[in-house]
Amino acid sequence: MSYAWDFSFLPHYSLVLLRALGSTLKLAAICLAAGFILGCVFAAARTSRYVVLRLLAGAYVELFRNVPAIVLLFWFFYTIPLMTGIGNDRFLTAAIAFSLYAGAYFTEIIRSGIEAVDPGQWLAARALGFTPGALFRDIILPQAIKKMMPALANESIEVVKLTTVAATVAYPELLYTAKLLSDTEYRPVEAYTTVAGVLLIALLPMTLLLFRLERGMRRSG
Amino acid sequence: MAYEWQFAPVFRYAGLLWQGVLGTLMLTGTALLLALPLGLVLALLRLGKVPVLGRVAVIYIEFFRLSAAIVLLYWFYFAFPVLFDLTLDPFSAALLAIGLQAAAFYAEVFRAGLQSVPPGQWDAARAIGMKRAEALRSIILPQALRNTVPVFLARLVDLIKTSALAATIAYPDVVYAAMRVASQTYRPIETFTVLGAGFFIVIFCLSQASRRLEKRLAVGR
């Protein structure tokens, strides 16, 4: 291998890269928060007594889980300005598309977490005179969250990875910035390798957390 | 604001879209051909008795699982050819990025499948005089593969979704075809609606098949 690596241009762009990392984290944080809230709402709807709510939530999950995220992104990219008159906001587009996409996955994780709680727990809590709200909050939710932690951590990693797709609509996150750097400096190897590395390092704490959660799960059976 | 939907211009370009479908199938199919054998080898190494090879397999799997697919695509298309001084067309770059990553995911599928076979099967095979390789081929693998079919389909869905990203390095898949149709018809919303619906139908059927098989296998046990 005769390629001469040269990272000497990178320090000049440390601010640019830092800002790009900020953009990636901002988009990821919004998508995680919105996706999780959507997941809670639709999981509640999916496990509800009412058929209409169950059907609606089921349709949402199927619709957004079964289409590639990039297709959703492009669809919103063209539809939002034409339908609402809001100008072409790349952050908004990516945030909406990926939140809805992530929300569908979170819904299924939260639903299966709730359903994994022993049905006897519902009966026992009701027998003890818990009100439905307190029953869910104090008895079911703590057990469900414990069961779904590994899946939640895993999906969170997926969401962070997903944000790089926003580069395709020129949202200036890490990957898009790598492209800019490589185009201005003619150093694609260094630019893309750096960004791939930065992304991996950013994901490391989450991965370690996931490993610990998985190990904890195995230990507690 | 009322938007007037017009699908007719999009359907005039149906030929182009079908060509894109072929491109997607080509990429997904060849990526699968690369990922399945490599994934099996990685799973066997990970479960095998040689510690060094097991570590290598773990690092490979975790690295590719943690990398964003689109970052890999860009890296293999823009950086890899410069690094090794060769030329790579979009198909080869996409095949490498998507296939090598899918191998990591399939390695985990195979590992779960292999581990789902009771260890007694190994002992029994040895007791009747089978060698390890023979036991693996005719006793363990058939049972392991049967158990992995639903997850295999779920990963295939992910693979199809990932292959949609290859359009970003100008590989002529169905998303790329849609981008061309959108710019030629000035009907991006309709084009991407058709594209999304097409993906939905295929992926929905595959996910349903996966879920059904999972239930049937659970009953058969």
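1. A:Ser156 is found in helix α6 of chain A, helices being DSSP runs of H or I with at least four residues, numbered from the N terminus. This is a predicted model, in which local features need pLDDT of at least 70 and side-chain atom pairs count only at pLDDT 80 or more, while totals for chains, interfaces and linings use all residues. Residues are numbered from 1 along each chain as its sequence is written, chains are lettered from A in the order in which they are written, and side-chain values use heavy atoms, with hydrogens and water left out.

2. With a relative accessible area of 15%, A:Ser156 is buried (under 20% relative accessible area, 1.4 Å probe, protein chains only). Its side chain reaches the backbone oxygen of A:Leu152 at 2.7 Å. Leaving aside residues up to four places away in sequence, A:Ser156 touches A:Leu32, A:Phe106 and A:Met206, contact meaning heavy atoms within 4.5 Å.

3. Between the chains, 36 residues of chain A are in contact with 38 residues of chain B. The buried area is about 3500 Å², with 77% of it given by carbon and sulfur atoms; buried area is the accessible area (1.4 Å probe) that two parts lose on being put together, summed over both.

4. The count between chain A and chain B is 1 salt bridge, a side-chain nitrogen of Lys or Arg within 4 Å of a carboxyl oxygen of Asp or Glu. The side chains of A:Glu62 and B:Arg211 meet in a salt bridge at 3.3 Å, N to O.

Conventions: Helices (H or I, at least four residues) and strands (E, at least two) are DSSP runs, numbered from the N terminus. Buried means under 20% relative accessible area, exposed over 50%, partly exposed in between (1.4 Å probe, protein chains only). A polar contact is a pair of N or O atoms within 3.5 Å; within protein, one must be able to donate a hydrogen and the other to accept it, and residues adjacent in sequence count only if both atoms are side-chain atoms.
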